[in-house]
Every structure is written in C-alpha cells, then in structure tokens.
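I set out below the entries made while going through one model.

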Amino acid sequence: HPRRHSSLQHRERASYPPMTMMLRFLAFLALAFIVACAGDDAPPTNDAPPAVDLVEGLDQLQGLSFTNATEPDAPLRMLKAKSFRHLFKKSKKSNKKGTLRFLAQKKKIYVGAAINQWNLKKAQYMNTVAREFSMIVAENECKMNNIVTPKKQYNYGTCDRILNVAKKNGQEMRFHALVWYRAAPKVLQAESKAKVAASLKKFCTTVTKRYVAKGVRWFDVVNEAFADKQPKNSINKPSWRKAWPYTKLPNWAEVSLRAAAKGAGKKRKQTRLMYNDYGIESMKGYMKGKSDAVFWMAKTFKKRKIPLDGIGFQTHINMNFKDFDGVRKNIQRLGKLGYEVQFTEVDVSCGFFNPAGKWIKCKKWTKVQQNMQANIYKTLMRICLQSPNCTAFVMWGVTDSVTWLNNDHPHIFDRKYKKKPAYHALTAALK
C-alpha cells in the first residue's frame with residue numbers, strides 16, 4: 001500500500017543520525033553519476049513500458065510480480081539441436097508482404113491459429129485466418145467425440161470442414177487430437193478393458209490413414225496423458241493421469257502411437273506423430289515435474305522405438321510468466337534427443353489463478369498490460385526461432401472476440417480485429 005510504504009520510509013529516515021544521512025546522500029549522488037555516465041553505452045530499452053504505467057498495471061493486476069518477465073532483444077544465437085526446418089513447405093498463397101505468414105515463411109517455420117466451424121461464415125474472421133496464418137488446427141472438430149458416433153461409426157464431416165479451409169488457403173492443418181481423456185465418446189468409455197485396445201487401434205489407424213492421404217502431416221496422437229501433480233523423481237518415475245483410457249489400458253499412449261504409425265503406412269517418414277500437453281513448457285519452476293515426466297517418456301519411447309516424433313507445448317500462460325530460460329533449455333534437451341517441438345496452443349491472458357485456485361478475470365486492460373503481453377509473445381517466438389527443432393508457433397485462437405478466455409484479452413487481435421501490440425511484437429521478432 002503506497003501510504004504504508006511512505007510512512008515506513010519516513011520512520012526509517014527519522015531513525016538515522018545526521019552523519020549517516022549525509023553519507024547515504026553522498027553515496028546516492030555517486031551512484032546516480034555512475035549510472036548517468038553508463039547510460040550512453042547501455043542497449044536501447046524500447047520494450048520497457050513507462051514507469052508510471054508499470055505501477056498502474058501492477059495495481060490492476062492485484063500485486064503480481066512481473067520482474068524479469070521479458071528478455072532484451074539480443075542477437076539470436078542458434079541453439080545446438082537437430083534441425084527440422086526442412087519440414088517446412090512454401091505456399092504460393094502466402095505472398096502478402098508484412099503478414100505473419102509471409103515473415104514466418106522466410107524463417108521456415110509455421111505460424112498458426114486454432115479455428116472452429118462456428119466462425120467459418122464470418123468474413124472478417126476468415127479473411128484474417130487466410131491472410132495471417134500458414135497453419136490451422138481445429139479446436140474441437142477433429143476430436144474423437146466429434147468423429148465416433150453412438151453406433152461406433154466414423155463421421156468426418158466437421159473435421160473435413162476445417163481441412164477444406166486449410167486447402168483453400170494453402171495452409172497446413174495440425175490434426176488435434178486423436179486420443180484425449182476429455183473427448184472420449186461415452187460408447188467407448190463403456191467398453192470393457194479387453195475391448196478398449198482394439199477400439200483405440202482401429203480409431204488411430206483408420207483416422208490417421210484417412211488424413212495422411214489428404215495431406216495432413218502433423219498429428220496430436222496423445223493429448224494430456226500425465227498428471228498435473230508429479231512426484232519429485234518424475235524424470236525417472238512419472239505419474240500418468242488416472243483417467244480413461246489409462247484406467248482400462250495403462251499403456252494406451254504406446255498403443256495409440258503404434259496404431260497411428262501403422263495408419264501412416266508408406267508416408268510414415270513424412271508424418272509427424274506428436275505428444276501434446278500443457279504445463280510442460282519449462283524444465284524449471286512449477287512446470288519442472290510435468291516437463292520431466294514428458295522428458296522421461298521421450299527418452300523411454302526412443303529407447304523402445306515407440307514411434308513418437310515430437311512434443312507440443314500448449315503454452316496456456318498469463319502475464320506472470322517469466323521462465324523463458326527454462327523453456328529454451330527444455331526445447332534444447334528434447335532436440336538433443338532428436339525430437340521436434342512446436343508451440344501448439346499459445347495464449348497469454350491477463351487473468352490468473354489466485355492462491356486458492358480461483359481464476360481471477362481482468363478488471364481493466366491497460367497499455368502496460370498490452371506491452372507485457374507483447375513482450376511475452378515476442379520472447380516465445382524468439383526462442384522458437386533460435387531453436388532449430390522448433391517448427392511452428394500456433395495460437396489457440398485469432399481474436400479476443402472468439403476465445404475460451406473471455407474478457408481476458410489473450411490473443412493478438414482485439415475484439416474489433418485491430419492488431420494489438422502482441423501482433424507487432426511477433427512481426428518484429430520474425431524480422
């Protein structure tokens with residue numbers, strides 16, 4: 001509280017004898033002189049918001065600390081890891097200069113967004129998707145519960161609608177997701193343990209075969225398989241999520257990946273089978289346990305020759321996120337194992353979880369908040385660019401008017417499709 005802080009300073013000053021106060025004052029002047037002299041050689045800090053706005057922003061974000069939340073724009077230094085940039089395919093339809101897809105094409109990475117069928121008739125939405133992105137992903141249309149009918153037949157209608165958008169726009173489509181516990185059809189959940197394996201094998205093989213034939217190369221085969229709370233030694237003995245299909249088939253991840261690889265058939269080498277999850281981006285801090293669990297899986301599956309090609313970092317974060325070094329090192333350690341990495345569901349909200357676990361929505365949306373969000377987007381993009389095994393930067397939405405984080409301003413276009421500072425930050429990083 002400003003007043004409490006001010007009165008505390010007053011009491012502290014009053015407690016010092018005059019000579020001590022004089023020495024402290026002289027020391028302050030000396031320090032100020034040194035800083036002033038060094039200022040001419042200091043790197044520019046164009047990304048730092050004005051101090052007065054920073055205080056305002058922190059007040060509105062209920063006192064959260066944003067110290068070291070961004071990194072300076074130092075020259076990019078490529079990290080040592082296996083490169084997967086050869087997977088990029090240039091599109092003839094991404095030739096509008098200055099757009100995200102035009103700039104990303106020069107770096108041989110995909111920039112994308114999740115879309116859904118309910119907005120396919122909105123002209124402004126579809127024009128933005130076509131103009132800015134080289135990769136799209138279906139929010140829900142390709143999940144198991146939208147394909148498997150109550151009679152265990154397969155209906156590809158809604159998923160095909162998203163694929164048709166990609167083909168029309170000259171875009172890649174990431175298939176999301178073959179197996180996810182929250183998209184399990186009731187008819188499959190009711191099956192006996194003996195039947196689950198057969199159903200998973202059939203689904204993963206059949207669906208992968210169909211969409212590989214239609215030109216899809218990236219598949220989220222296994223989605224969110226690890227528990228959020230991991231033991232301290234998760235890098236050696238992780239905890240799987242105790243939900244379907246694990247409860248009936250503990251090795252379901254392996255079964256699904258092998259079935260998807262079978263479905264890819266002769267195009268297996270061009271097909272990228274991915275594991276996708278949230279809270280795994282950094283190998284430090286609160287994400288360490290889960291990211292170590294994924295790293296254990298990556299090492300174990302490679303040793304056992306289970307067909308896993310890459311890891312998807314969902315990256316649902318807020319403006320309190322600052323552990324970029326942990327993200328960079330995590331991508332690098334996966335790259336050293338020979339794995340591709342993609343940012344798959346990026347959004348940066350101004351809402352946050354309080355200590356009680358309740359989501360607190362934004363009350364206001366200020367310039368400083370926009371600048372902080374922009375810096376986070378830019379820093380993540382820069383990490384991808386300097387990581388040769390990072391091939392895509394996909395966001396979980398297009399505009400703040402269409403989002404699962406309503407009123408939390410998570411995307412790079414505002415509600416009226418105006419380019420936010422986050423958009424310009426991404427273009428700056430790509431340039």
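The entries run from the whole chain to single residues.

Entry 1, basis. I worked from a predicted model, in which local features need pLDDT of at least 70 and side-chain atom pairs count only at pLDDT 80 or more, while totals for chains, interfaces and linings use all residues. Residues are numbered from 1 along each chain as its sequence is written, and side-chain values use heavy atoms, with hydrogens and water left out.

Of the 431 residues, 53% are buried (under 20% relative accessible area; exposed is over 50% and partly exposed lies in between, with a 1.4 Å probe and protein chains only). For contacts (heavy atoms within 4.5 Å) between residues at least 6 apart in sequence, I noted that 77% join residues at least 24 apart. The accessible surface (Shrake-Rupley method, 1.4 Å probe; for residues, only the protein chains shown count as cover) is about 21500 Å², and carbon and sulfur atoms hold 56% of that surface.

I found 16 aromatic pairs in the structure. Rings of Phe, Tyr and Trp (its six-membered ring) pair if their centres lie within 6.5 Å; planes under 30 degrees apart are stacked, over 60 edge-to-face, and the rest tilted. One of the pairs joins W180 and Y181 edge-to-face, at 6.1 Å centre to centre and 80 degrees between the planes. W180 is buried at 14% relative accessibility, and Y181 is partly exposed at 24%.

I then turned to F313 and F343, whose ring centres are 6.1 Å apart with planes at 85 degrees, so this pair is edge-to-face. The pair links distant parts of the chain, 30 residues apart: F313 belongs to strand β6 (residues 310–313) and F343 to strand β8 (residues 340–349). F313 is buried at 0% relative accessibility, and F343 is buried at 0%.

I also recorded a cluster in which ring pairs link Y154, Y156, F175, F203, Y211 and F219.

Which residue lies over the face of Y156? I found R210 there, 4.1 Å from the ring centre; the criterion is NZ of Lys or CZ of Arg within 6 Å of the ring centre and within 35 degrees of the ring normal. K302 lies over the face of Y339, at 4.9 Å from the ring centre.

Finally, I located D325 in helix α12 (residues 324–336). D325 is partly exposed, at 27% relative accessibility. Its C-alpha atom is separated by 8.6 Å from that of K284, 41 residues apart along the chain.

How values were computed
Helices (H or I, at least four residues) and strands (E, at least two) are DSSP runs, numbered from the N terminus.
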